[in-house]
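The sequence and structure are shown below.

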Amino acid sequence: MKMTGAQMMLDGLVKEGVEVTFGIQGGKVIPLFDTMPQFPQIHHVLTRHEQGAAHAAEGYARATGKVGVCIATSGPGATNLVTGIADAFLDSVPMVAITGQVNRPDIGKDAFQEVDITGITLPITKHNYLVLDTPSMPRIVREAFYLARTGRPGPVLIDVPGDVFMEETEFHYPKEFDLPSYKPTLRGHPAQINKAAKVINDARQPVILAGRGVIVSGAYAELKELAEKAQIPVITTLLGISAIPESHVLSYGWLGMHGMVHANMATDAADTIIAIGMRFDDRATAKVSAFNTRARIVHIDIDPAEIGKNIKVDVPIVGDVKTVLTQLNKVVETSQHIDWISQLDEWRRTHPSLNIRDSESVLPQYVVRQIYEATKGEATIVTGVGQHQMWAAQYYHYDHPNSLITSGGLGTMGFGLPAAIGAQVGRPEAIVWCLDGDGSFQMTIQELATIQQERLPLKIAIFNNGFLGMVRQWQELFFGKRYVATPLSGPDFVKVAEAYGIPGTMAKRREDVIPAIEQALSEPGPFLIDFRIEPEENVYPMVKLGGSLVELLEGEDVKKGVVKS
Amino acid sequence: MTGNKHTLVALVEDRPGVLNRMASLCRRRGFNIESIAVGHSETPRLSRMTIVVDGTNAMIEQLRKQLDKLVVTMKVSDITSDNIVVRELALIKVKANSETRSEIIQIVDIFRADIVDVAEESVTVEVTGDEDKIDSLLSLLRGFGIKELSRTGRIAMTRGGTSLLGEDKDKTGGRRQKKAAS
């Protein structure tokens with residue numbers, strides 16, 4: 001049988017189970033799009049910018065666990081994907097990015113819209129391909145999806161010259177393929193499992209640090225079993241939020257720069273740390289050299305290169321989190337740590353991290369809490385990056401697995417809206433809320449058009465403080481309150497939404513908050529709320545500049561005047 | 001950067017762009033490559049690289065794992081502390097005239113090196129050995145004037161019967177298990 005390169009590509013996508021792609025047309029991908037009507041199984045979501053396409057593919061992948069696919073043309077189309085690809089790389093999100101490339105004879109000639117995208121994405125992809133040989137297309141598509149979703153997931157890019165899309169050659173679908181050098185380790189080494197069990201059994205003050213690896217691996221039940229069996233408090237990373245229901249008696253919030261005080265204190269004081277599918281990112285550890293130096297550390301991760309990268313560990317276990325925890329749960333003994341747990345409860349009581357003060361103005365913490373109340377915790381929350389992201393992570397209560405979608409590693413402003421589009425496409429039945437800042441939102445605001453075109457019932461809450469808020473907070477605390485290049489004179493977001501055909505309302509006072517949220521929820525389609533929040537509200541707790549996990553500014557300190565600008 | 005010179009050997013797929021992937025990774029993780037030598041290995045379609053880099057043991061172990069993670073690498077080993085044979089080849093074009101030529105030949109003989117080209121005003125010396133041997137010869141020849149120098153960088157191999165793909169050194173369980181992808 002003969003097929004064009006474009007047909008082989010789309011045939012491959014269908015065989016890999018792809019139902020939706022995100023992206024934008026352009027010169028070198030016209031043949032690919034031209035072939036799409038032959039594959040009606042695939043729905044294409046037309047975004048308004050390629051960055052939006054990449055984040056939407058990420059949002060889709062993060063919400064469903066499937067591989068997200070984005071498509072862009074050569075040159076600027078491809079470079080516009082780069083931010084989203086880097087974001088997916090740092091947060092281990094399975095993604096296949098397809099880019100057009102100039103025709104094979106033009107490669108290397110600086111042809112119109114030519115850019116070396118495989119070169120550019122070398123450090124931010126798990127692997128990438130330039131298809132120079134049309135018959136190799138089916139194999140490359142298979143390999144790309146296999147690489148993207150197995151082991152530690154990540155983005156894989158396939159760069160396809162326009163003439164390869166159009167060339168018709170003999171088609172052979174490869175039954176098997178061989179990646180001799182790529183064999184992720186799934187099972188933990190039995191000797192290491194036993195060592196880890198001994199460390200856990202001997203622990204008196206243990207904590208579990210659960211990261212996104214738990215969610216990627218779907219190890220919710222196994223994590224809960226370990227925590228309950230050995231009675232170990234579970235603290236998550238930002239990306240590990242919802243790895244365990246936050247209402248679980250052993251759940252103690254999340255750690256790090258803006259984590260809960262008791263979580264940071266417990267991590268600092270623990271004699272044993274069981275790190276599961278997390279990578280000791282500096283936002284989680286704070287000052288790395290001051291990170292708990294006494295504890296014995298067990299580190300479970302599927303990526304051998306994460307072991308010992310930032311923190312020296314005592315018992316490394318390379319493997320898939322779910323598989324390793326299943327092995328570990330068989331050998332870990334039942335134990336109790338009543339005194340230790342009471343100590344954590346005491347810290348949580350004496351250092352309340354999540355109090356909301358009384359105020360007539362719209363407090364962001366109050367808004368998040370009210371969205372939680374109104375959605376009964378059932379919503380999928382997607383955020384941009386900045387202060388609102390931290391409030392969203394702190395004040396919503398995440399009881400459902402994988403219910404927070406946020407950009408952790410790269411910290412990409414503009415992630416929220418397109419990622420929420422992808423999440424809503426992946427979870428059509430879910431209530432998806434995009435919580436965004438006015439700065440972050442304006443970076444990808446054009447995707448409002450995509451929402452309207454796709455008729456997605458997304459709810460958008462803008463935390464509008466007229467500042468690039470997180471930077472303003474740093475300026476206030478560490479740069480003498482010199483607000484350089486942070487005040488934003490934003491547009492009227494309600495009118496912007498209206499121009500895109502999306503209804504909305506503004507909330508200026510506290511009593512506007514609940515009615516606005518209820519209006520959003522009663523609306524069958526998309527809805528936008530412009531929350532005019534307290535402009536100079538800060539995110540607390542906060543680890544001091546260059547400080548360790550327990551060198552913290554707490555909201556209480558600020559009120560007492562402990563913090564001077 | 002403090003630490004010692006480490007010798008890493010890697011078996012990698014013999015495909016375009018592989019050297020770029022390896023070198024680019026070293027650069028972005030902050031390692032300075034002292035030398036890198038690439039050529040065919042005993043297995044068809046696999047190239048063997050010998051990379052010499054500076055760093056502490058922990059840093060080099062991190063680099064080794066990052067290199068090993070690349071899809072194109074079959075195996076990467078740090079063989080610095082193993083019992084190894086290390087060789088480098090150099091071509092040295094030395095200024096020579098009728099008065100100095102015989103003295104140069106004597107020195108070359110002592111080092112068991114070869115003269116591979118003779119011209120009116122120069123001789124070209126080929127020498128193999130470890131870096132110290134080549135450095136010593138160079139320092140002796142420098143007095144005559146060196147017109148041109150080309151060194152290959154280090155290649156290395158462990159002594160004894162083992163081979164790179166045959167052994168399994170990683171005690172953390174981090175070694176990739178051999179099984180076919182579906």
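This is a predicted model: local features need pLDDT of at least 70, side-chain atom pairs count only at pLDDT 80 or more; totals for chains, interfaces and linings use all residues.

The points below place A:Ile317 in its strand, then turn to the packing of helices α15 and α22 of chain A and to the contact between chains A and B.

**Position of A:Ile317**
- A:Ile317 belongs to strand β14 of chain A, which covers residues 315-318.
- A:Ile317 and A:Ile235 are separated by 82 residues in sequence and, C-alpha to C-alpha, by 19 Å in space.

**Packing of α15 and α22 in chain A**
- Helix α15 (residues 364-375) packs with helix α22 (residues 510-522) at an angle of about 40°, and their axes are 10 Å apart.
- This angle makes α15(A) oblique to α22(A).
- The two helices, α15(A) and α22(A), have a right-handed crossing.
- On the α15(A) side, the contact is made by A:Tyr366, A:Val367, A:Gln370, A:Ile371 and A:Ala374.
- On the α22(A) side, the residues are A:Arg510, A:Val513, A:Ile514, A:Ile517, A:Glu518 and A:Leu521.
- By class, the residues of this contact comprise 8 nonpolar, 1 polar and 2 charged.

**Contact between chains A and B**
- Chain A has 25 residues in contact with 22 residues of chain B.
- Within chain A, α6 (137-149) and β14 each supply at least two residues of the side that touches chain B.
- The largest share of that side, 3 residues, comes from β14(A).
- The side of chain A that touches chain B has 14 nonpolar, 7 polar and 4 charged residues.

Terms used:
Residues are numbered from 1 along each chain as its sequence is written. Chains are lettered from A and ligands numbered from 1 in the order in which they are written. Helices (H or I, at least four residues) and strands (E, at least two) are DSSP runs, numbered from the N terminus. Axes are lines fitted to C-alpha atoms, for helices over the stretch in contact, and angles run from 0 to 180 degrees between N-to-C directions. Angles under 35 degrees count as roughly parallel, over 145 as roughly antiparallel, 65 to 115 as roughly perpendicular and the rest as oblique. A crossing is left-handed if the near helix is turned anticlockwise from the far one by less than a right angle, and right-handed if clockwise. Two residues are in contact if their C-beta atoms, placed from the backbone, lie within 7 Å. Ala, Val, Leu, Ile, Met, Phe, Trp, Tyr, Cys and Pro count as nonpolar, Asp, Glu, Lys and Arg as charged, and the others, Gly among them, as polar.
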